[in-house]
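Please read each point with the model open.

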Amino acid sequence: MNKEQSSVLRAWEATVRKTQAAKKRANSIFGTISMANAAEDDPEDDNDKSVSISGDAHFAEKILPNGDYYTGHWYDNFPNGQGKYLWTDGCMYVGEWNRGKTMGRGRFSWPSGATYEGEFKSGYMDGTGIYTGSNGDTYKGQWVMNLKHGHGLKNYSNGDWYDGEWRRGLQEGHGKYQWKDGDHYVGEWKNGVICGKGTFVWSNGNKYDGYWEDGMPKGNGTYQWPDGSFYVGNWSKDPDEQNGTCYPSESSLAANLEWDPKHVFSELADCKICPGERVSILPSQKKLAIWYSTKGGDKPRRMSVDGRVSVGIERPFDKMNMWETDGDGHDLGEVRRDLDCELLGVHHDDTNPKFNLGLPLKAPKPGKRQGETISKGHKNYELMLNLQLGIRHSVGRPAPATSLDLKASAFDPKEKIWTRFPPEGSKYTPPHQSSEFKWKDYCPVVFRTLRKLFKVDPADYMISICGNDALRELSSPGKSGSFFYLTDDDRYMIKTMKKSEVKVLLRMLSAYYNHVRSFENTLVIKYYGLHCVKLTGPTQKKVRFIIMGNLLRSEYTIHRRFDLKGSSLGRITEKPESEIDDTTILKDLDLNFIFKLQKAWFQEFCRQIDRDCEFLEQERTMDYSLLVGLHFREISTHGELIPCGRRTPSGNSENESAPRLSRTDVDQLLLDPKRWASIKLGANMPARVERTIRKPESELQLVGEQTGECYEVVMFFGIIDILQDYDITKKLEHAYKSIHYDPTSISAVDPKQYSKRFRDFIFRVFAEDT
């Protein structure tokens with residue numbers, strides 16, 4: 001044994017001594033393993049002892065160069081079967097492995113004394129399991145990707161406990177929380193806070209039954225005393241909104257007449273929800289140390305427990321599919337791809353990766369920043385100034401606080417406010433350098449409440465649209481003839497509208513409001529304001545426009561954009577692959593991926609697509625589409641997309657100026673509850689996409705053949721263009737095109753048929769990631 005190996009062994013022995021008790025417990029799970037020297041099988045490591053069982057499968061004991069230790073079943077250079085892995089920092093996993101991934105039942109322990117025992121999937125705590133924290137907290141229940149998700153019972157070290165539903169690591173749904181002093185709450189939760197309908201019972205017998213918001217009574221509710229007295233009313237921390245009537249029993253008439261509802265809020269302020277223990281490091285973040293591949297070279301490999309492999313340095317997001325060559329030095333990956341093409345019957349078009357599995361997918365070239373800045377001299381410069389003046393006036397205008405429960409009159413299409421903006425200014429408007437114009441706000445109370453519902457801060461909203469930075473006009477109008485403008489921070493998109501579209505929105509505004517209020521995860525585009533500028537002078541031109549959220553705004557580069565409808569006629573981008581950049585909007589026949597969402601997200605996605613399509617069908621609209629944006633998390637220095645389980649020959653990852661979301665970032669995001677808000681259905685979603693191949697002879701094939709080649713991505717998606725009514729124009733378009741083309745391939749169809757076709761297509765291109 002050389003000097004370096006000797007020092008490594010001494011370091012490992014010191015670690016093993018510290019965790020000797022844990023080691024004995026681990027060995028008891030799968031018994032004592034007899035070892036034989038197998039140095040001739042692996043000459044690089046004198047500390048590798050194994051005994052062959054059958055073929056390549058064998059028991060092995062490996063002391064790795066960084067001091068980590070593994071003992072257990074081994075197959076084809078991976079832990080496979082039952083095994084124990086001990087890290088030098090004291091973390092340990094004992095349980096089932098599948099080709100280097102923790103998969104099945106197992107036990108993970110932290111040096112702090114915390115443990116998790118239960119089911120694992122691809123390195124994550126996933127399934128049913130029990131977590132015991134170092135502070136004494138315990139949780140027994142369901143997990144999804146390291147987070148409590150489903151039903152579970154949590155006992156806190158301070159004596160509190162919660163039994164109920166969890167979502168993304170927080171209490172959500174129906175559950176019961178009991179404090180150690182005997183107080184308890186039974187009812188609805190949201191994001192770890194009491195919210196919805198529920199009952200709070202104090203240990204002295206007093207009880208509140210009603211609605212809650214942010215942990216406090218809000219809305220209709222009843223407070224009751226043990227003697228039969230009760231108070232009924234509308235509850236709010238705001239004294240102006242609080243009102244109700246006390247009905248005392250005869251025995252306590254005098255006492256309860258003096259009672260003030262504010263006492264309830266002060267009592268509840270002391271009933272804190274225990275935050276629980278924060279996990280220092282997740283099992284999916286732990287690295288497996290170093291062993292050697294079957295490739296000709298002897299470059300060391302480093303891998304995380306969910307199957308990520310790195311070269312030379314610890315990279316958080318590499319996957320574990322080792323590159324191989326045959327005896328003649330040919331890349332077996334290329335051989336496999338050629339074989340796959342033969343099996344799929346794909347005839348290669350040598351220039352297009354949509355038809356040729358042998359061609360690697362490449363990240364599109366970066367495009368220029370979208371839009372032309374509207375500066376002085378631009379034909380729409382004055383219109384932009386008018387718009388900014390109007391928005392500043394509308395949002396900044398003092399208005400009474402409104403409840404989310406709006407009166408029917410607020411949705412009346414006649415509910416609008418005209419304001420005149422003379423250049424010299426007026427009592428209500430500032431002086432300006434533009435020509436005189438009139439400004440119209442449609443249903444201002446509704447849109448103000450929508451902004452409140454969507455948690456838009458009025459000051460931020462004004463700064464984005466009306467700040468010192470100019471708007472940007474997109475280079476060409478859309479198919480509808482509308483023009484689009486982007487705010488400088490890309491947060492909001494402004495679209496000019498036809499009068500018919502305004503009528504559709506005003507007609508469906510009440511239903512839209514109720515829908516987005518009822519379903520927080522709705523994928524339908526968010527609308528923030530509907531306005532009109534009327535220019536004075538001989539033209540009397542009116543410009544109507546809607547302000548909406550930009551679905552694809554992200555700090556990460558959006559590499560691919562798809563606009564998907566589920567129809568085929570004209571649904572292809574007429575650009576050669578070389579001219580497509582990361583701002584190009586691709587269409588249905590350009591799609592060469594299946595989008596794979598983690599189980600819980602996929603189920604929520606299917607439910608929400610059904611709800612949204614039912615809403616749009618009821619409102620008799622059609623021609624909407626699902627806008628999808630993809631950020632690929634692994635790109636080689638040559639611009640090629642790196643599939644899951646494959647690394648670049650150089651071991652380098654994408655080198656781009658825009659930030660990328662690494663696997664460690666994802667794990668930390670899940671670890672920190674304060675950052676979960678950035679991941680939601682349709683935004684910042686970690687997912688995978690599977691490459692598909694189209695047959696050149698099937699020109700109108702909507703969904704290609706799956707290849708098994710997957711890529712890690714961050715996804716953004718939402719439903720856009722929801723204001724197209726199935727009017728006489730669309731009916732005529734349908735009749736005309738049906739004569740010349742297959743009626744099922746055209747976009748203009750009846751709303752019911754459109755909804756069904758859209759859903760059928762979306763459920764074919766989205767799948768659960770198993």
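1. His 393 counts as buried, since its relative accessibility is 14%; buried means under 20% relative accessible area, exposed over 50%, and partly exposed in between, with a 1.4 Å probe and protein chains only. This histidine belongs to helix 6, residues 381-396. Helices (H or I, at least four residues) and strands (E, at least two) are DSSP runs numbered from the N terminus. Beyond neighbours within four places in sequence, His 393 is in contact (heavy atoms within 4.5 Å) with Thr 419, Phe 421, Tyr 428 and Thr 429.

2. On the basis of the note: this is a predicted model, in which local features need pLDDT of at least 70 and side-chain atom pairs count only at pLDDT 80 or more, while totals for chains, interfaces and linings use all residues. Residues are numbered from 1 along each chain as its sequence is written, and side-chain values use heavy atoms, with hydrogens and water left out.

3. Helix 7 (residues 444-453) is largely enclosed by the rest of the structure, because seven of its 10 residues are buried. Those buried residues are Pro 444, Val 446, Phe 447, Thr 449, Leu 450, Arg 451 and Leu 453. Their cover includes helix 6, helix 8 (458-466) and helix 9, together with strand 23 (416-421), strand 24 (437-442) and strand 28 (527-535). Just after helix 7, Lys 455 adopts a positive phi of about 60°.

4. Which residues touch the most other members of the largest nonpolar core? They are Phe 595, Met 715, Ile 722 and Phe 766, in a core of 109 residues. Helix 9 (residues 499-518) gives the most to this core, with nine residues. Apart from it lies another core of 44 residues, among them Trp 74, Phe 120, Trp 166 and Trp 202. A nonpolar core is a set of buried Ala, Val, Leu, Ile, Met, Phe, Trp, Tyr and Cys residues joined through side-chain atoms within 4.5 Å.

5. Leaving aside neighbours within four places in sequence, its contacts include Phe 595, Leu 597, Val 628, Leu 630, Asn 684 and Phe 766. Asn 684 itself has a positive phi, near 55°, although it is a residue other than glycine. Asn 684 is found in the loop between helix 11 (663-671) and strand 35 (685-693).

6. Asp 214 is in the loop between strand 15 (207-213) and strand 16 (216-224), and is exposed, with a relative accessible area of 62%.

7. Is Thr 496 buried or exposed? Thr 496 is buried, with a relative accessible area of 14%, and is part of strand 27 (residues 492-497). The side chain of Thr 496 reaches the backbone nitrogen of Phe 483 at 2.8 Å. Not counting residues up to four places away in sequence, Thr 496 touches Ser 482, Phe 483, Tyr 485, Glu 501, Val 543, Arg 544 and Phe 545. Of these, Arg 544 is 48 residues away in sequence, yet the C-alpha to C-alpha distance between Thr 496 and Arg 544 is 5.6 Å.

8. Phe 230 lies in strand 17 (residues 230-235) and counts as partly exposed, at 30% relative accessibility.

Conventions: A polar contact is a pair of N or O atoms within 3.5 Å; within protein, one must be able to donate a hydrogen and the other to accept it, and residues adjacent in sequence count only if both atoms are side-chain atoms.
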